[in-house]
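Reader: I'm new to this one. Can you walk me through the model?

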Amino acid sequence: MRPTQAPYPAGRLRRLRSSAPLRAMVRETRLSVEDLIWPVFLCAGEGQQQEIASMPGVVRRSVDLTVEAAAEAADLGIPAICLFPYTDPDLKTEGCEEAWNPGNLTNRAIRAIKAQVPEIAVMTDIALDPYNSNGHDGIVVDGQIVNDETVEALVKMALAQAAAGADILGPSDMMDGRIGAIRKALEAAGHRNVTIMSYAAKYASAFYGPFRDAVGATGALKGDKKTYQMDPANSDEAMRLIERDLSEGADMVMVKPGMAYLDICRRVKETFGAPTFAYQVSGEYAMLEAAARNGWLDGDAVMQESLLAFKRAGCDGILTYYAPRVARLMKAG
Ligand code: PBG
C-alpha cells in the first residue's frame, strides 16, 4: 500500500529536485552506452559512403568503411552493431536467392567485422525485403505472401549468417513459425550459441518510410505489409506473439517502432521479464532530426530524452541510429 502523501509543508516534493546531486541520487533510470545497438546500412564497393536523403546524418557504407565504423563503435563501448544491406536492383529476384548467398553484402560484412573487430557483437536482419523484386519480407505467389515457403527461405538465410559468424539473428519478417524453424536448424548445424532477437511485436507502421529508402525497397514495394505486420491498434496480440516467439526459442524480443509503442514495451517487460528491446526506427530519427536541423528542437536534448524514455518504459536496450552520437555525448559527460 502506498502511504498517504504527507500534507504541505512536509510534502514539499521539490526538495529532491532542488540540486543536481540530489536529482542524481534519486534518479530511477539511466541510459548507458551498453544499452545501445547501432543499426548501419551497407553498400557495395570500396571507400564508398552514400547519404540517405530522408535520414540526414546517416550513411550507407561499403564493407571496408563499415569495419572502421564498427571499430569506432567498439571504442565508444557500444556492444552491438546491426547490419542492413542496400542490394543492387539487379540482384533482386522473386525467389530472393541472394538472401542466402554466402558472399552477399551482409555475410561479407559479418566476416570482415568478426575478423577485425571481434569485440563487437554483430546482429543481422532476417527478412527477404532487400532481395525481393517486389519489396516484401516474404515470397509472393499470386499476390499472396506465402508463409511456409518464406520460412524455408528464412532458415537458409539464417544459416548463411550464422556460418559467417553473426552473434545475434534478428528475424523481422513476421511470418509464423520462423523462430522455431530457425532455432531447430541452428541446433542441427551446431550453432548452439547463436542468439535470436525476435522482432516479435512489429507493427505495420508508416514510421519505416526512410528505412525503405535506405535499403532501396521504396520503389519496389507493391502494396503494404498489413497481412503480416501487426495492426497498430492491438496490444493483446503483441503479448500472444511474444509468448509464442519465446516458446519457440527466441532469447530476446523486440518492440518496433519505439516511441509510439512504449505502452507495449512496458507490458512486454512486466508480463514476460525476458530481455526486451525497442527499435527507435528510421521515421522517429527523421522526425527528431528534421526538427533539430530546423532549429525547432534542441537535437541533443531530445535525442537523450527519447532514449531515456525507453529505459523508463522497461526496455533493456534500444536499437537507435543515434548510438554513436549519444555515446560520444555521454562520454564527454
Ligand atoms: C525489414 C525491416 C524494416 C525495418 C527493419 N527491418 C522495414 C520494414 O519492415 O518495412 C525498419 C527499420 C527502420 O525503419 O528503421 N523487414
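**Around M175**

Author: This is a predicted model. Start with M175, which touches G138, I145, V146, N147, T150, V151, L154, Y228 and R244, leaving aside residues up to four places away in sequence.

Reader: Where does M175 sit in the chain?

Author: M175 is in a loop. That loop runs between β8 (168-171) and α5 (178-188).

Reader: Is M175 buried or exposed?

Author: M175 is buried. Its relative accessible area is 2%, and buried means under 20%, so M175 counts as buried.

Reader: How far apart are the C-alpha atoms of M175 and Q161?

Author: They are separated by 19 Å. Along the chain, M175 and Q161 are 14 residues apart.

Reader: Switching to cavities. How many of 30 Å³ or more does a search of the whole structure find?

Author: The search finds 2.

Reader: What volume does the largest cavity have?

Author: About 150 Å³.

Reader: Which residues lie nearest its centre?

Author: D129, K202, Y208, F211 and K256 do. In total, 17 residues line the largest cavity.

Reader: How do the residues of that lining divide?

Author: Into 7 nonpolar, 3 polar and 7 charged.

Reader: And the second largest cavity, how much space lies in it?

Author: About 40 Å³.

Reader: Which residues line it?

Author: The second largest cavity is lined by L83, F84, P85, T106, D125, P130, M157 and Q161.

Reader: Which element gives the most?

Author: β4 does, with 3 residues.

Reader: How does the lining of the second largest cavity divide?

Author: It has 5 nonpolar residues, 2 polar and 1 charged.

Reader: Which of them gives the most?

Author: α2 does, with 6 residues.

Reader: Last one. How do the residues of the largest pocket's lining divide?

Author: The lining has 14 nonpolar residues, 2 polar and 5 charged.

Note on methods: Residues numbered from 1 in each chain as written. Predicted model: local features only at pLDDT ≥ 70, side-chain atom pairs only at ≥ 80, totals over all residues. Heavy atoms only, no water. Helix = DSSP H or I, 4+ residues; strand = E, 2+ residues; numbered from the N terminus. Nonpolar A, V, L, I, M, F, W, Y, C, P; charged D, E, K, R; others polar. Buried < 20%, exposed > 50% of the residue type's maximum accessible area, 1.4 Å probe, protein only. Contact = heavy atoms within 4.5 Å. 1 Å grid on protein atoms, 1.4 Å probe; cavity = no way out; pocket = protein on both sides within 12 Å on 5 of 7 lines; lining within 4 Å. Points joined across faces, edges and corners; volume = space filled by probe spheres on them.
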